[in-house]
Amino acid sequence: MSALLDVQNLKTYYFARRGVVKAVDGVSFSIDQGETLGLVGESGCGKTMTCHSILKLLPKPGGRIVEGQVLFEGEDLVLKTERQMRRIRGAKISMILQDSMTSLNPAYTIENQVGEVFAIHQKLKGRALKEKVIEALKLVKIPAAETRLRAFPHQMSGGMRQRVAGAIALGAKPSLIIADEPTTALDVTIQAQYLNLLKEIQAETGVAMMFVTHDLGVVARMCDKVAVMYAGRIVEKAEMKDLFRHPRHPYTIGLLACLPKMDAELDKLVSIPGQPPDLGALPDGCHFAPRCPECMEICKQKYPEERLARDEHYVSCWLVEK
Amino acid sequence: MRRFILSRILQAILVMLAVSVIVFFLGRLSGDPTDILLPHDASEESHERLRDHLGLDEPLHVQYWIFLTDTLQGDFGESVKSQRPVMELVKEKWPATLELTGAAIFISLLIALPVGVYSAVRRGGFFDFLARLLAVFGQSIPSFWLGIMLIYIFAVPQFGWAIFPTHGRGEDGLWDHIHHLILPAFTMGWYLSAGIMRLTRSSMLEVLDSDYVKLARIKGVPEYKVIWKHGFKNAALPVLTYSVMIFALVLGGTVITEMVFAWPGMGRMVVDAVYARDFPVVQTTVLLLSAVFVFANLLVDILYSYLNPKIRIAR
């Protein structure tokens, strides 16, 4: 079976006045129908730019896909026109943004903002539109959905707002949802609720998800597969359980070591020393080399190409035999 | 909230008091009105008598006190020159000024809003460059010069086309009204549009960078709707505020345009009154115009906190 989304060697650069920022530099991964992929990495490693590349909503002017393919349902999105992309956005691929405080428009009611999706993609009006909106709000379990139609975002709690964002994303029954740190802005208790809700909806609708996060706890809870991103490239990707049990890349190992453990002594938090590199001035060799505890001579000279460590487990590291 | 409004009202009263002091004493500095009212060869005795009649023989602080208490009781006095009640004169001129200012604001919004919005959308592009250049011209070309140039080009057959009248306010029906209004309104509107355009642009830039505009694009909303529905409605609030303030400010600033186009409004009346040392007229009109401005400012401050939900939440 061919994958729902197949990203191959995607390169998205940002051409700024002071030089080229290689935000996404040769990224490949795939998501099957109904599957959840976790894209993990530190802030500024190119996660968000990867998401925006899939939807082709890049910062203008300056952001550009320079190479690679984004195959969605077998068709290359990179080649699509803006008009064709508009029919895909919101209908087949949608996205949940980090903070619904800022991602919902303060000037319009919930009905208006959720309804827009149906008005555009299904050309619905009046009564039928309203029913669809209520249906979408019920899907994300907003209590007393009918009474919330005329509410403005600032009249709702953070958790409810993020559900509305979910209703907007899921309303038109897309086959892929990109969730860009959707729980970061929520309280911890609400976070768990929200994640469970997404899982339920996924079981119900069979929507595939791409979960962008820096929280490995969320990954463990939500994802089937994980891709670890560092400085514009994916350094390791594997089945979720496999990655947690047998991490191979020193960066992944470092990330996992950073997770506080309940049984360990609590006096010290572990961190990876050093800073991620500037995406406008990357080192010649492996991008992680300057921070890597096991850095070798070759690491400083040449970037290691991707190699298969075991079944479906790919690593870009010289430590792993080809 | 109530404390905020009260303190703003108190401030407004203080400002008005200061204005009354300034306009009163500054007027007195310009000289003796009897020099102008009486013929050159009038005797010192008749000067005396007229001064006595006008109340100018009293000490200044007494004069000010009379002026202040009369004004507060709604008595604005009589014009020294025409002997008519000042309020009557104001009522006569007021509609013309209001009309000119309204038309100027309308024209400036008509120019500034679309230009501001699209220069934000095409940020850094050629259109943006042109628009910003235009804004510099808008703010640096003096109104009197632009007015005279427009008259040359559009109203004098020897230099350009005589398609608009050179001066005055139309009297035969609506079209004549509009016909007379266009050049002076454009002269004023041109200057105003620069400020409104800049504000629209910066406000729009901020909004276009927001997450909800991003989400609108993610939803597949067509670009014109992203800009006008999701962007402009949110960017419009500061622009609206500014335009209301400008409207009040400009009511007092029509002087130059009214002079150039011989527009029979308040601005011209003030200038004529200053030349004639017609103190009651100058004092009343300046006070009124500043009152309108101060009141509009107050209104905007209060409205703003009601209009902006975020401010409401913060309280």
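Is Thr285(B) buried or exposed? At 0% relative accessibility, Thr285(B) counts as buried (buried means under 20% relative accessible area, exposed over 50%, partly exposed in between, with a 1.4 Å probe and protein chains only).

The model is predicted: local features need pLDDT of at least 70, side-chain atom pairs count only at pLDDT 80 or more, and totals for chains, interfaces and linings use all residues. Residues are numbered from 1 along each chain as its sequence is written, chains are lettered from A and ligands numbered from 1 in the order in which they are written, and side-chain values use heavy atoms, with hydrogens and water left out.

**Stop 1: Thr285(B)**

Select Thr285(B), which lies in helix H13 (residues 279-307) of chain B. Helices (H or I, at least four residues) and strands (E, at least two) are DSSP runs, numbered from the N terminus. The side chain of Thr285(B) reaches the backbone oxygen of Val281(B) at 2.3 Å. Now show Val90(B), Met266(B), Met269(B) and Val270(B): Thr285(B) is in contact with these residues, leaving aside neighbours within four places in sequence (contact means heavy atoms within 4.5 Å).

**Stop 2: the whole of chain B**

Select chain B, which has 14 helices and zero strands. Its C-alpha atoms fill a box of roughly 85 × 60 × 35 Å along the principal axes. Of the 315 residues in chain B, 44% are buried. Among contacts in this chain between residues at least 6 apart in sequence, 72% join residues at least 24 apart.

**Stop 3: between the chains**

Show chain A and chain B together. The contact takes 25 residues from chain A and 17 residues from chain B. The area buried between them is about 2,100 Å², of which carbon and sulfur atoms give 62%. Buried area is the accessible area (1.4 Å probe) that two parts lose on being put together, summed over both. Select Arg86(A), Tyr108(A) and Glu116(A): in chain A these lose the most area to chain B, together 23% of what that side buries.

Glu116(A) also forms a salt bridge with Lys219(B), the closest N and O atoms being 2.9 Å apart. A salt bridge is a side-chain nitrogen of Lys or Arg within 4 Å of a carboxyl oxygen of Asp or Glu. The count between chain A and chain B is two salt bridges.

On the side of chain A that touches chain B, the elements that give two or more residues are helix H1 (47-55), strand S6 (93-96), helix H3 (100-103) and helix H4 (110-121). H4(A) gives the most, with six residues.

**Stop 4: the core around Phe29(A)**

Select Phe29(A), Val114(A) and Met210(A), which touch the most other members of the largest nonpolar core, a set of 101 residues. A nonpolar core is a set of buried Ala, Val, Leu, Ile, Met, Phe, Trp, Tyr and Cys residues joined through side-chain atoms within 4.5 Å. Helix H7 (residues 158-170) of chain A gives the most to this core, with seven residues.

**Stop 5: Arg221(A)**

Finish at Arg221(A), in helix H9 (residues 216-222) of chain A. At 37% relative accessibility, Arg221(A) counts as partly exposed. Arg221(A) touches Ala192(A), Leu195(A), Asn196(A) and Lys199(A), not counting residues up to four places away in sequence. Select Met240(A) as well: Arg221(A) and Met240(A) are 19 residues apart in sequence and 9.6 Å apart in space, C-alpha to C-alpha.

Terms used: A polar contact is a pair of N or O atoms within 3.5 Å; within protein, one must be able to donate a hydrogen and the other to accept it, and residues adjacent in sequence count only if both atoms are side-chain atoms.
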